[in-house]
Amino acid sequence: MLPRSFQYFAPTTLEEAVSLLKEHRGDVKVLAGGMSLIPLMKLRLASPGCVVDINRVEGLDHVEESDDGKALLIGSLTTHHALESSPLVKRRVPLLSEAAGLIGDSQVRNLGTIGGALAHSDPSGDWGATILALRGELTVLGSGGERSIPIDDFLLDTFTTALDEGELITRVSVPIPPDRGSGGAYLKLERKAGDFATAGVAVQLALAETDEGDRCEYAGIGLTALGPKNLRASKAEALLVGKRMTKDAISEAASAAAEECAPTDDPLRGSAKYKREMAGLFTRRALELAVTRARKQGGRVQR
Ligand SMILES: Cc1cc2nc3c(=O)[nH]c(=O)nc-3n(C[C@H](O)[C@H](O)[C@H](O)COP(=O)(O)OP(=O)(O)OC[C@H]3O[C@@H](n4cnc5c(N)ncnc54)[C@H](O)[C@@H]3O)c2cc1C
């Protein structure tokens, strides 16, 4: 099917883009990689009368460290591939590279963007869970100015975010985990290579070395395709923080994640019961992998 006819604008500045969004409010969509929007328009599940293509807007495609070295600043137009392959990202927040490399296929990763994926808020999308695990924040711009929205407040429901129609995402900021003693892992169960997740788990940990063994100082766990939106496994996180990373502690947290997720039956990817079991299994495996990586990472912080 062909999309309905629409007006097309390709602004070159953020001001122009925001002013177009304001002018056409109620009947406008931002176009980034087009990997989700174009299929929706072809199926007429989205039929905007106006499309604002932000690909020529300067300054939205970058990854850099903040001046204080505490955060990674990612322009909203940064593609999945750029995040998968960036040496800076691999060095400072390797969880981002790992998650990016598991999104779709290389065509999707070459065009799809982190901003588009988060704005789309597909519960099966991999970015929401990853940014939840890292406790990232989005910067959005509208005609009323700029505001920051923590990821927990941004993802509201299936395909629904806190973004106002006149706003666009300009940046995603992610705290950089400590140099020593931190490890992350993104594990995704998929029916075949390049598919959306049947279940996915993003984990970020920071460990400190104590006389009794490793103690968890930070735990972030995000879940993919296990509820109406990407979910934070907050009970599982709370069970880990301050505890030693023993087998029992990991199993207890994995069971909590399985309990707190909210999967649904679907004929393609399996029953809710199966997905819940996979949530527990993949949380346990992701935690174990993150612990192994944290321990390998040049010695932990001494406490
Ligand atoms: C075959 C296929 C397989 C895929 N597999 C996966 C997968 O395994 N995992 C996964 O996570 N995703 C997957 N995707 C989705 C893919 O990651 C998309 O890139 C992503 O969902 C949307 O990003 P985009 O840049 O293409 O956005 P677009 O399609 O251009 O836009 C998507 C939505 O976001 C809005 N938008 C875009 N940019 C902004 C912005 N800066 N500010 C405000 N609103 C904005 C648009 O208006 C639209 O509503 C797949 C897609 C395809 C086609």
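Here is a short chat about the predicted model shown above.

Colleague: Before we start, what should I know about the numbering and the model?
Modeller: Each chain's residues are numbered from 1, following the sequence as written. The model is predicted, so local features need pLDDT of at least 70 and side-chain atom pairs count only at pLDDT 80 or more, while totals for chains, interfaces and linings use all residues.

Colleague: Okay, how many helices and strands are there in the protein?
Modeller: You'll find twelve helices and 15 strands. Those are DSSP runs numbered from the N terminus: H or I of at least four residues for helices, E of at least two for strands.

Colleague: And which domains does the assignment give?
Modeller: Domain 1 (7–53), domain 2 (63–175) and domain 3 (182–297). The bounds come from an automatic or database domain assignment.

Colleague: How many residues of domain 1 are in contact with domain 2?
Modeller: 13 residues of domain 1 meet 16 residues of domain 2. Contact here means C-beta atoms, placed from the backbone, within 7 Å. On the domain 1 side, helix 1 (residues 14–23) gives the largest share, six residues. By class, that side has seven nonpolar, four polar and two charged residues. Nonpolar covers Ala, Val, Leu, Ile, Met, Phe, Trp, Tyr, Cys and Pro; charged is Asp, Glu, Lys and Arg; the others, Gly among them, are polar.

Colleague: Switching to the ligand, which residues are closest?
Modeller: G33, M35, G104, G112 and G116, out of 28 residues that surround the ligand. To count as near, a residue needs its C-beta atom, placed from the backbone, within 6 Å.

Colleague: Which element gives the largest share of that shell?
Modeller: Helix 7, with five residues. Domain 1 and domain 2 each supply at least three residues to the shell. In total, the shell has 14 nonpolar, eleven polar and three charged residues.

Colleague: Now R135, where does that lie?
Modeller: In the loop between helix 8 (126–134) and strand 6 (137–142). Leaving out residues up to four places away in sequence, R135 touches I151, P175 and G220. R135 and I221 are 86 residues apart in sequence, yet 9.5 Å apart in space, C-alpha to C-alpha.

Colleague: Why does R135 count as partly exposed?
Modeller: Because R135 has 16 other C-beta atoms within 10 Å. With C-beta atoms placed from the backbone, 20 or more within 10 Å means buried, 12 or fewer means exposed, and partly exposed is in between.

Terms used
Contact = placed C-beta atoms within 7 Å.
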